[in-house]
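Colleague: Before I use this model, I would like to go through the terms and what backs them.

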Amino acid sequence: MISDLNKKCLLAFNIWDVNSAKAVIDAASKRNTNVILQTSSGIYQQMDVKETRSFIKGYAKRKKINAYLHLDHCKDLNVIENAILMEWDSVMIDASDLNIEENIRRTNQIIELAHHANILVEAEVGQIKGTEDNIKIQEHSIASRNEIKRFLMETNVDMIAVAFGNAHGMYKGKPILDYNLIHFVAEISKTPFVVHGGSGMADEEIHKLSQTDNVKKINISTEVKLAYRKGILNSLKEGLLEEEEFQASRVEQSIYDAIYQMAYHKLGIII
Ligand SMILES: [Zn+2]
């Protein structure tokens with residue numbers, strides 16, 4: 001359960017191991033804010049879920065913040081059920097590729113299970129462009145207002161992601177975001193609005209989004225991966241990858257530093 005979801009906008013960073021999780025938690029702790037750590041469906045299935053949860057919850061507690069665990073874009077009902085069983089704080093059922101009736105039906109199916117366990121559910125209406133977890137969406141299929149309205153009326157979803165000009169991956173140029181669609185969702189319901197594709201958005205845009213209506217969660221995934229890459233490139237530059245005197249821990253530290261700096265900067269935008 002993400003207890004402060006309704007209070008302020010939270011950033012959600014994709015993580016995949018202890019080092020990336022630690023870097024994000026440390027950055028959030030330094031900013032004195034709670035944070036969401038999310039995993040793609042693929043990473044979720046690779047990781048030791050129980051141990052990862054135990055580490056993240058314990059470490060965040062020691063750092064005096066809440067780190068919420070979220071399962072991002074998942075189409076596999078078995079994986080979602082597992083995350084509910086494993087006490088993830090929230091799960092995303094992504095049936096946005098199906099027709100609206102089926103999307104509603106599957107979302108309600110997950111809501112019934114999740115709410116029983118006090119776990120929140122995020123769903124998506126209209127497909128968000130870009131590549132996420134090896135699923136490539138070429139064209140933007142912006143949801144019609146009627147579909148959004150119907151979805152919100154026929155489900156008791158806790159967070160809604162809507163394609164409104166955002167995309168996964170890095171943007172080529174400045175994205176043209178349809179703020180009117182965010183206003184529309186806020187006019188018809190109090191459901192928190194989730195912004196996917198926060199990577200590569202200008203700081204001013206992220207700040208503006210965080211202050212808009214019911215935007216309560218902004219996802220950053222690609223930039224965590226790029227920070228990881230930067231950490232490796234920095235290690236290379238500093239000669240840390242030379243065979244002689246090679247120390248894995250120094251490379252890990254360099255990756256940690258890059259992710260920490262990125263997360264610390266992003267968290268500063270929404271304060
Ligand atoms: Zn997404």
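Modeller: Among contacts between residues at least 6 apart in sequence, 66% join residues at least 24 apart; a contact means C-beta atoms, placed from the backbone, within 7 Å. This is a predicted model, in which local features need pLDDT of at least 70 and side-chain atom pairs count only at pLDDT 80 or more, while totals for chains, interfaces and linings use all residues. Residues are numbered from 1 along each chain as its sequence is written.

Colleague: What makes the radius of gyration agree with a compact globule?

Modeller: The rule is 2.2 Å times the number of residues to the power 0.38, with the radius taken over C-alpha atoms. For 271 residues that gives a value near 18 Å, and the protein chain has 18 Å, so the two agree.

Colleague: Why are the residues of strand β4 called buried?

Modeller: A residue is buried if 20 or more other C-beta atoms lie within 10 Å of its own, exposed if 12 or fewer, and partly exposed in between, with C-beta atoms placed from the backbone. Ser90 and Met92 point one way, Val91 and Ile93 the other, and all are buried.

Colleague: How do you know that β3 and β4 pair?

Modeller: Pairing takes at least two DSSP bridges between two strands. β3 (residues 67–74) and β4 are parallel and joined by 3 bridges, so they meet that definition. His70 has Ser90 in β4 as its bridge partner.

Colleague: Which strand pairs with β4 over 4 bridges?

Modeller: Strand β5 (residues 120–125), also in the parallel sense. Val91 stands opposite Val121 there.

Note on methods
Helix = DSSP H or I, 4+ residues; strand = E, 2+ residues; numbered from the N terminus. Contact = placed C-beta atoms within 7 Å.
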